[in-house]
Amino acid sequence: MIHRLPIPTPFRIGRVNCYLLDEDPLTLVDVGPNSGASLVALETALREHGRGVEDLERIVITHQHTDHVGLVGVLAERSGAEVCALDVFAPVVEDFDAYADRNDELAQALMRRHGVAPDMVTVLAAMSRAYRGWGGSAPVTRRLTDGGSLEFASRSFDVLHRPGHSPSDTVFYDAASGDLLAGDHLLKTISSNPLIAPALGGRSGEPEGERPRALRMYIDSLRATQAMEIATVHPGHGDAFGDHAALIEERFAMHDRRARKIFALIGEQRRTAHEIAQSIWGNVAVTQAYLTLCEVLGHVDLLVERAEVVEVEEDGVVRWAASS
Ligand SMILES: [Zn+2]
């Protein structure tokens with residue numbers, strides 16, 4: 001049995017779904033952000049199913065975002081459950097702070113390079129540091145492999161690396177029942193942001209490579225998921241849903257429209273990615289500077305790939321221009 005436990009978060013997204021797999025071993029997939037309120041909500045939700053934190057035997061994490069990984073240390077310590085994560089993701093779960101440092105460094109460098117004002121970058125860096133407290137770490141006792149499996153007494157899930165929304169995105173697929181535990185790889189009502197974060201290896205690219213092409217990677221991941229036979233998607237936010245293939249097709253069309261719109265803006269005049277974000281999202285591009293920057297860069301990457309735009313760098317700041 002898969003039970004959805006929607007846990008409140010302090011973030012704009014609202015509740016995050018943890019999943020209680022009433023199986024042998026008793027398993028929790030994703031854990032909620034590291035806060036007292038989330039822990040209380042999780043304990044209440046577990047109790048509704050006749051369980052407590054101490055009963056958990058296995059914890060599985062789908063990806064690196066704080067609303068999914070935050071309570072992992074608290075829960076692992078209280079329950080003694082094994083902690084399972086994809087092999088390339090395990091170092092992040094074990095030392096969230098070190099990865100957050102690298103992530104902040106990359107984000108700040110990208111924002112400066114793509115036209116966000118330096119004083120704004122400083123403000124956003126402080127905000128990002130404040131948000132870090134919602135994260136958490138625990139020793140990973142079981143490293144999963146892409147293409148491997150996660151076994152239970154009476155069912156088995158394929159472990160599949162699907163980077164794009166984040167470099168660590170992992171989905172779990174039970175081919176017999178058609179259930180997909182999707183994390184934030186595919187959500188019904190909102191498109192998952194292709195957030196640029198340091199690569200982790202495997203399908204997410206090598207850590208020392210150039211800037212990860214997050215949307216490019218995400219589209220490849222979605223294409224792989226689209227080809228699967230899935231009955232029910234259990235997402236990281238919102239209700240379960242079916243007909244994933246049509247939804248993914250809609251997402252492809254949306255990304256294509258957005259790429260066309262960005263191409264039109266670049267055609268009018270050379271612009272930085274941040275200027276493009278401001279003309280599309282207005283003030284949101286300031287308050288959510290990194291998120292909107294990642295959206296623009298993701299689509300610009302598609303245009304570069306089609307040889308429609310080129311990068312023009314001047315004094316360390318990049319503007320995008322139509323190819324002549
Ligand atoms: Zn996420």
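**Charges, fold and an aromatic cluster**

The mean positions of the 31 positive and 47 negative charges of the protein lie 5 Å apart; Lys and Arg count as positive and Asp and Glu as negative, with His and the chain ends not counted, and each charge is placed at NZ of Lys, CZ of Arg, CG of Asp or CD of Glu. This is a predicted model, in which local features need pLDDT of at least 70 and side-chain atom pairs count only at pLDDT 80 or more, while totals for chains, interfaces and linings use all residues. Residues are numbered from 1 along each chain as its sequence is written, and side-chain values use heavy atoms, leaving out hydrogens and water.

The secondary structure comprises 11 helices and 13 strands, taken as DSSP runs (helices H or I, at least four residues; strands E, at least two) and numbered from the N terminus. Of the 324 residues, 53% count as buried (under 20% relative accessible area; exposed is over 50%, partly exposed in between; 1.4 Å probe, protein chains only).

The whole structure holds 3 aromatic pairs (ring centres of Phe, Tyr or the six-membered ring of Trp within 6.5 Å; planes under 30 degrees apart are stacked, over 60 edge-to-face, the rest tilted). One of them is the stacked pair of Phe11 and Tyr131, at 5.7 Å centre to centre and 25° between the planes. Phe11 sits in the loop between β1 (2–7) and β2 (16–21) and Tyr131 in helix α6 (residues 118–131), so the pair ties together parts 120 residues apart in sequence. Phe11 is buried at 15% relative accessible area, whereas Tyr131 is partly exposed at 44%. Phe11 also forms an edge-to-face pair with Trp134, at 5.9 Å and 85°. Phe11, Tyr131 and Trp134 form one aromatic cluster.
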